[in-house]
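Student: I would like to go through a structure with you, beginning with the overall picture and then turning to details. Could you put it up?

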Amino acid sequence: MNKSIGVLVWLGLLLGSCSDEKGAVSESADVQASAVMLAPPAPSEHAVGNSDASQIVGEDQGETIADSRSGPAAVPVNSVARQLIYRADVDIKVQDLARAVTRVDSIVRRSGSWLGASAQSRSDEEWRQEMTIRVQPAKFTGLMAGLSTLGTVERKSMTSQDVTAEHADVAARIRTKRALEQRYIGLLSQAKKVSEVLEIEAKIGQVREEIESAESRFKALNDQVAYSTITLKLYQPLALPTPDAPVLSFGSRVAEAFYGGWQLVTGLAIGLVYLWPLLLLGGVVYWLVRRWQQARA
């Protein structure tokens with residue numbers, strides 16, 4: 001009897017220890033599962049690639065755009081150079097035009113500039129010379145000061161034009177058109193029908209015309225920016241000659257007197273013709289007054 005009771009007690013203790021071990025194992029499994037659920041996910045390759053690509057450097061604009069996680073946006077690294085066109089108009093009064101033109105040529109050569117155009121004209125009142133001078137912007141002020149010493153500056157005006165936006169727009173247009181041309185050339189090599197070939201060749205010709213027009217404008221802008229333009233007008237006043245008084249003889253003076261008298265007589269006759277209404281009215285009034293006096297007498 002005692003042996004059976006002892007066996008039962010031993011079995012009960014064994015079952016209790018097994019249940020405790022199972023509870024501990026299940027509890028540790030729950031803790032590990034909760035830990036796995038709360039742990040942050042590991043960064044994937046795609047996420048790493050995006051974080052590396054979050055910083056983009058603009059090639060054309062020279063600006064750096066940073067990701068919001070890396071702090072505030074960076075400042076521009078390069079400043080765009082301004083494209084400015086300078087023009088000036090100068091009118092100068094000189095005493096000797098030929099000498100002033102020679103001095104202009106010397107001043108222009110010393111400044112490293114060159115004459116673009118020249119025209120000369122002469123009238124009864126003045127002798128004029130107009131010239132177009134192309135000069136580098138760095139030497140613009142010095143050349144203007146040298147030209148002011150030629151004579152009296154009657155008029156001077158200077159203007160500047162900012163063509164930075166137009167310059168960048170034309171450059172971008174040329175790049176776009178060239179890329180489009182290369183695409184059409186690639187399509188031309190793949191065309192199989194004559195109609196497709198003709199259509200693509202027409203498109204290529206149109207794009208090339210647009211490229212040539214844009215390149216021409218781009219070169220003109222670069223030339224105007226690289227060399228400023230000065231329009232110089234030199235003029236020399238000319239004295240009008242006064243004619244000498246003619247020497248008249250006695251006979252010519254008598255003839256002139258007869259002619260003057262005849263002009264006076266004809267003038268009076270013509271004046272009387274103009275006054276015929278007054279003469280007629282005066283005659284009528286005189287006749288009425290005479291009749292009234294005779295009636296009283």
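Tutor: What follows is a discussion of a predicted model.

Student: What does the secondary structure of the protein chain come to?

Tutor: The protein chain has eight helices and seven strands.

Student: And how many of the 297 residues are buried, as a percentage?

Tutor: Buried residues account for 17% of the 297 residues. The chain exposes about 22,700 Å², and carbon and sulfur atoms supply 60% of that area.

Student: Among contacts between residues at least 6 apart in sequence, what share joins residues at least 24 apart?

Tutor: That share is 73%.

Student: Let us turn to α3. Which of its residues are buried?

Tutor: They are L97, A100, V104, I107 and V108. Down the axis of α3 these buried residues fall within an arc of 95 degrees, so they line one face of the helix.

Student: Why would residues three or four places apart point the same way?

Tutor: An α-helix has 3.6 residues a turn, so residues at that spacing point the same way.

Student: What is exposed on the other side of α3?

Tutor: R99, T102, R109 and R110 are exposed there.

Student: And what do the buried residues of α3 pack against?

Tutor: They pack against β4 (114-122), β5, α4 and β7.

Student: What should the 14 residues of α3 span, and how far apart are the end C-alpha atoms?

Tutor: At 1.5 Å a residue, α3 should span 20 Å, and its end C-alpha atoms are 20 Å apart, which agrees.

Student: What happens at the start of α3, and what follows the helix?

Tutor: At the start, a side-chain oxygen of D96 comes to within 3.4 Å of the backbone nitrogen of A98. After α3 comes G112, which has a positive phi near 75 degrees.

Student: Moving on to α4: which residues are buried there?

Tutor: In α4, residues 140-147, the buried ones are F140, L143, M144, G146 and L147. They lie on the same side of α4, because they cover an arc of only 160 degrees around the axis. The face turned away from that buried side carries T141 and G142, which are exposed.

Student: What covers the buried side?

Tutor: The cover for the buried residues of α4 includes β3 (84-93), α3 (97-110), β5 (126-135), β6 (152-162) and β7.

Student: β5 keeps coming up. In which sense does it pair with β4?

Tutor: β4 and β5 pair in the antiparallel sense over eight bridges, and they form a hairpin with three residues between them.

Student: How many bridges join β5 to β7?

Tutor: Ten bridges join these two strands, which run antiparallel. R134 stands opposite T229 in β7.

Student: What does the side chain of Q236 reach?

Tutor: The Q236 side chain reaches the backbone nitrogen of L97 at 3.0 Å. Beyond its neighbours within four places in sequence, Q236 is in contact with V94, Q95, D96, L97, E125, E126 and W127.

Student: Lastly, where is L180, and how far is it from K203?

Tutor: L180 is in helix α5, residues 164-190, and is partly exposed, with a relative accessible area of 26%. L180 and K203 are 23 residues apart in sequence, and their C-alpha atoms are 9.7 Å apart in space.

Terms used:
Residues are numbered from 1 along each chain as its sequence is written. This is a predicted model: local features need pLDDT of at least 70, side-chain atom pairs count only at pLDDT 80 or more; totals for chains, interfaces and linings use all residues. Side-chain values use heavy atoms; hydrogens and water are left out. Helices (H or I, at least four residues) and strands (E, at least two) are DSSP runs, numbered from the N terminus. Buried means under 20% relative accessible area, exposed over 50%, partly exposed in between (1.4 Å probe, protein chains only). A polar contact is a pair of N or O atoms within 3.5 Å; within protein, one must be able to donate a hydrogen and the other to accept it, and residues adjacent in sequence count only if both atoms are side-chain atoms. Contact means heavy atoms within 4.5 Å. Accessible areas come from the Shrake-Rupley method with a 1.4 Å probe; for residues, only the protein chains shown count as cover. The arc is that of the directions from the helix axis to the C-beta atoms. The expected span of a helix is 1.5 Å times one less than its number of residues. Two strands pair if DSSP finds at least two bridges between them.
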